[in-house]
Amino acid sequence: MIIEVNNVSKEFVSPKKYPGLKGAIKGLFSNEKVRKMAVEDISFSIEEGEIVGYIGSNGAGKSTTIKMMTGILTPTSGQCLIRGIDPSKERKKNAQNIGVVFGQRTQLWWDLPLSESFSILKEIYNVSDEDYESQMKFLNEVLELEEFWTRPVRNLSLGQRMRADLGAALLHNPKVLYLDEPTIGLDLVVKDNIRKAIREINEKYKTTVILTTHDIEDIEELCNRIIIIDDGKKIYDGSLENLKEKYGVTRKVTMEVKNLKEARQVDLSSALHVSKEAYEVTTDKATNSVEVAFDKHCLSISDVIAQYMKHTEVKDIQIQETELSEIVKEIYRHGMEQETKQNEEGMVS
Ligand SMILES: Nc1ncnc2c1ncn2[C@@H]1O[C@H](COP(=O)(O)OP(=O)(O)O)[C@@H](O)[C@H]1O
Ligand SMILES: [Mg+2]
């Protein structure tokens, strides 16, 4: 295992803030503290070469976890081991093994031309001339840095800056790459480039990637495994397929019908001998359509459609699998509820 996170928690303790100027003064003399468990008893391990999506809603504790894995923050309890190194104890040694990109802010020197930022990083990471040359050749191929190589970072567009940051994080060819919201605010073309670059680096060097993102497409295109955290706790760890299978059993079929009244006479439960729990029917007068959402383990699309055709003329049919984004939203909503369920089913290791 290249990464081991063992029962890691992080509690932030900050002085209680009071509003206004009076409050600020009051705050100076008060000892009241606010405690926040940002990460609570999280464990997982990751194998070399995996691309893992670390996802959860805002404030779930994603960045805090990444910061503990990189050594920026020290866990309140528990331990991270990255290639056997505890980053909070041996931050420098760990730095040689990792690359980090925080989407929200650059790691590069704002006023320097990109080329100079890279020269400095080359020195910091002790990259030999030979390695530098070959790595830059590769990075230029996948990230096209030459386009703005001599420009100061402050003058780069967000997309260029992100490519530059990713390149900088990879200059010393780290074994582990942490990406915290790497595609935030980027347009589709750049997003695509960034994803492609991540994939190529992973394939070429077997780089292990941990990625936090709000973009479901990042996950679908990059990750074979996802870890979901909610309010500091891990609520899912497994494959995408598994997640879809577990939560994505719902299918939706939308039928435009000639006569809504006739369509309303369909009773799937008695006609097909299934429980009323297994499906949900909604009708829309404006579009003259019937939408049936159903558990695909209980009903088949053809049976559903056939029933409607028996009662009325069906003019148009649309079939929809539940989108991953909906599944994930659902999980965010029911975070804790799902956790207990998963534990019973032994899904969370
Ligand atoms: N330095 C800090 N001091 C106090 N609270 C913090 C600090 N950093 C993060 N938090 C709190 O910890 C929780 C998790 O934050 P974070 O890890 O940034 O979430 P995410 O990256 O998933 O959006 C939030 O409630 C946040 O307000
Ligand atoms: Mg964050």
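A: A polar contact is a pair of N or O atoms within 3.5 Å; within protein, one must be able to donate a hydrogen and the other to accept it, and residues adjacent in sequence count only if both atoms are side-chain atoms. This is a predicted model, in which local features need pLDDT of at least 70 and side-chain atom pairs count only at pLDDT 80 or more, while totals for chains, interfaces and linings use all residues. Residues are numbered from 1 along each chain as its sequence is written, chains are lettered from A and ligands numbered from 1 in the order in which they are written, and side-chain values use heavy atoms, with hydrogens and water left out.

The part is helix α7, residues 188–205. Helices (H or I, at least four residues) and strands (E, at least two) are DSSP runs, numbered from the N terminus. Begin at the start of α7. There, a side-chain oxygen of aspartate 187 comes within 3.1 Å of the backbone nitrogen of valine 189.

Next, the length. The 18 residues of α7 should span 26 Å at 1.5 Å a residue. The expected span is 1.5 Å times one less than the number of residues. The end C-alpha atoms of α7 are 26 Å apart, which agrees. Past the helix comes lysine 206, with a positive phi near 60°.

Now the sides of α7. Buried means under 20% relative accessible area, exposed means over 50%, and partly exposed is in between (1.4 Å probe, protein chains only). Val190, Lys191, Ile194, Arg195, Ala197, Ile198, Ile201 and Asn202 are the buried residues of α7. Looking down the helix axis, these buried residues fall within an arc of 155°, so they line one face of α7. The arc is taken from the directions that run from the helix axis to the C-beta atoms. On the other side of α7 are the exposed residues Leu188, Val189 and Glu203.

What do the buried residues of α7 pack against? Their partners are β3, α5, α6 (158–170), β6 (176–180), β7 (208–212) and α8 (216–222). Contact means heavy atoms within 4.5 Å.

Glutamine 160 has its place in α6. At 12% relative accessibility, glutamine 160 is buried. Setting aside neighbours within four places in sequence, glutamine 160 is in contact with Glu147, Phe148 and Arg151.

Aromatic rings come next. A pair of aromatic rings is described by the distance of the centres and the angle of the planes. Rings of Phe, Tyr and Trp (its six-membered ring) pair if their centres lie within 6.5 Å; planes under 30 degrees apart count as stacked, over 60 as edge-to-face and the rest as tilted. Searching the whole structure gives three aromatic pairs. One of them joins phenylalanine 44 and tyrosine 54, a tilted pair with 5.8 Å from centre to centre and 50° between the planes. Phenylalanine 44 is in strand β2 (residues 33–46) and tyrosine 54 is in strand β3 (residues 51–55), so the pair ties together parts 10 residues apart in sequence. Phenylalanine 44 is buried at 5% relative accessible area. Tyrosine 54 is buried too, at 0%.

Another pair brings us back to our helix. Phenylalanine 138 and tyrosine 205 form an edge-to-face pair, 5.5 Å from centre to centre, with 90° between the planes. Phenylalanine 138 belongs to helix α5 (residues 129–143) and tyrosine 205 to α7, and the pair links these distant parts of the chain, 67 residues apart. Phenylalanine 138 counts as buried, at 7% relative accessibility.

Seven of its nine residues are buried, so α2 is largely enclosed by the rest of the structure. Threonine 64 is one of the buried residues of α2. Its relative accessibility is 12%. Leaving out residues up to four places away in sequence, threonine 64 touches Lys10, Phe12, Ala38, Val39 and Leu73. Glycine 71 follows α2 and has a positive phi, near 95°.

Finally, step back. The protein has 14 helices and 13 strands. Its C-alpha atoms fill a box of roughly 75 × 55 × 45 Å along the principal axes. Of its 349 residues, 48% are buried. Among contacts with a separation of 6 or more, 72% are between residues 24 or more positions apart.
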